[in-house]
Amino acid sequence: VYRTYGDSLNCSLTVIGGLGALRLRRITEYIEAHLAEDVSLRDLAAVAGLSTHHFGEAFKTSSGTTPHRYLIERRIHRGKELLLGTDHSIVEIALAVGFASHSHFTDNFRKLTGITPSRFRIDRS
């Protein structure tokens with residue numbers, strides 16, 4: 001917590017929580033480099049040098065989303081790139097971006113985009 005106090009001409013400014021720019025960049029780069037792996041909150045907190053509880057709150061304050069949601073969104077984004085840029089099967093893409101199965105990928109893809117990966121590929125071709 002950072003507070004600035006001044007006379008009546010200056011108002012009080014309070015900045016609470018969050019990750020610094022360097023820490024946030026370190027975390028996002030780690031996520032990008034490990035998309036296909038099982039990335040845990042504990043792993044991310046260790047990269048940030050924080051407890052899991054503090055990290056989760058600070059990440060959400062800084063990014064506006066939870067670490068898990070951010071990870072899923074990045075996996076779906078990478079999945080979209082692979083759907084458009086390769087002829088790999090959806091199962092191969094799902095595994096390549098860190099989902100445990102085709103159905104797990106499809107469920108998350110549909111939640112974020114409103115369509116299935118197959119439909120996305122067909123519509124963009």
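Q: In which hand does α4 pass α7, left-handed or right-handed?
A: This is a predicted model, and the answer is read from its coordinates. A crossing counts as right-handed if the near helix is turned clockwise from the far one by less than a right angle. For α4 passing α7, the crossing is right-handed.

Q: How are α4 and α7 placed to each other, by the angle of their axes?
A: The axes of helix α4, residues 67-85, and helix α7, residues 117-124, come within 9 Å and cross at roughly 50°. Angles under 35 degrees count as roughly parallel and those from 65 to 115 as roughly perpendicular. The two helices, α4 and α7, are therefore oblique to each other.

Q: Which residues of α7 meet α4, and how many residues in the contact are charged?
A: From α4, the residues Lys-80, Leu-82, Leu-83 and Leu-84 take part, and they meet Pro-117, Phe-120, Arg-121 and Arg-124 in α7. Sorted by class, this contact of α4 with α7 has five nonpolar residues and no polar ones, while the number of charged residues is three.

Q: What pattern does the protein follow along the sequence?
A: The protein contains seven helices and two strands. Read along the sequence, these elements give the pattern β-β-α-α-α-α-α-α-α.

Q: What share of the residues in the protein is buried?
A: A residue counts as buried when its relative accessible area is under 20%. Of the 125 residues in the protein, the buried share is 29%.

Key
Residues numbered from 1 in each chain as written. Predicted model: local features only at pLDDT ≥ 70, side-chain atom pairs only at ≥ 80, totals over all residues. Heavy atoms only, no water. Helix = DSSP H or I, 4+ residues; strand = E, 2+ residues; numbered from the N terminus. Buried < 20%, exposed > 50% of the residue type's maximum accessible area, 1.4 Å probe, protein only. Axes fitted to C-alpha atoms, helices over the stretch in contact; angles between N-to-C directions. Parallel < 35°, antiparallel > 145°, perpendicular 65-115°, else oblique. Contact = heavy atoms within 4.5 Å. Nonpolar A, V, L, I, M, F, W, Y, C, P; charged D, E, K, R; others polar.
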